[in-house]
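Biologist: I am new to this structure. Please take me through it, one question at a time.

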Amino acid sequence: MAGSARVAAYRSEEHRRMYVAARIALRMLLGACLAENPAAERFVREVCPRCGGPHGRPAVAGSLVHLSLPHGEGVALLGFAGTPIGVDIEKPPDQDALSRLVPCLHERERAGPAGRARRRTSRGSGPAWPGAHTSTASVPAAMPRC
């Protein structure tokens, strides 16, 4: 779907603005990263790894850079890597959810951001969950979405 058609497909003005702002940021950062004119970047869709359809992850035509661009609730996150990457935006879990989730993690993960998130959240000094989520969500074995 072309950019202007994609923008028009959003029902609310807020979502249209978020999409446009995220795409502008994406072009600016990719242009700097690839040392190319941001306006010249052409985006394509990779093939869906599940069904082979044309609705896979967004990609830069002719580039080895993989990207992820989730957005919602007034926030956008841009992820770039040399291998397939998936980033997500989520609200931090409450203390009850953390106390159920953290024991399921490997001991190294419990010692990392997730364990710190549980300790910080219990003291109320703010969430550290995004770091924990990113470190576990970016594992290549993550299930692709269709």
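**Contacts, core and surface**

Biologist: How far is the backbone nitrogen of A97 from a polar atom of the side chain of D94?

Modeller: The model is predicted, so local features need pLDDT of at least 70 and side-chain atom pairs pLDDT 80 or more, while totals for chains, interfaces and linings use all residues. Residues are numbered from 1 along each chain as its sequence is written, and side-chain values use heavy atoms, with hydrogens and water left out. A polar contact is a pair of N or O atoms within 3.5 Å; within protein, one must be able to donate a hydrogen and the other to accept it, and residues adjacent in sequence count only if both atoms are side-chain atoms. The backbone nitrogen of A97 and the polar side-chain atom of D94 are separated by 2.7 Å.

Biologist: Is D94 buried, partly exposed or exposed?

Modeller: D94 sits in the loop between β6 (79-81) and α3 (95-101); helices (H or I, at least four residues) and strands (E, at least two) are DSSP runs, numbered from the N terminus. Buried means under 20% relative accessible area, exposed over 50%, and partly exposed in between (1.4 Å probe, protein chains only). Because its relative accessible area is 49%, D94 is partly exposed.

Biologist: Which residues does G56 contact, leaving aside its neighbours within four places in sequence?

Modeller: G56 lies in the loop between β1 (43-45) and β2 (58-60), and is buried because its relative accessible area is 9%. Its C-alpha atom is 4.6 Å from that of E46, 10 residues apart along the chain. With contact meaning heavy atoms within 4.5 Å, the partners of G56 are R45, E46, V47 and C48.

Biologist: Which residues does V60 contact, leaving aside its neighbours within four places in sequence?

Modeller: V60 belongs to the largest nonpolar core. Its contacts beyond those neighbours are L30, L34, E41, R42, F43 and L67.

Biologist: How many strands does the protein have?

Modeller: Along the sequence the pattern is α-α-β-β-β-β-β-β-α-α-α-α. The protein has six helices, and its strands number six.

Biologist: What share of the residues counts as buried?

Modeller: The protein has 146 residues. The share that counts as buried is 25%.

How values were computed: Core = buried A, V, L, I, M, F, W, Y, C linked by side-chain atoms within 4.5 Å.
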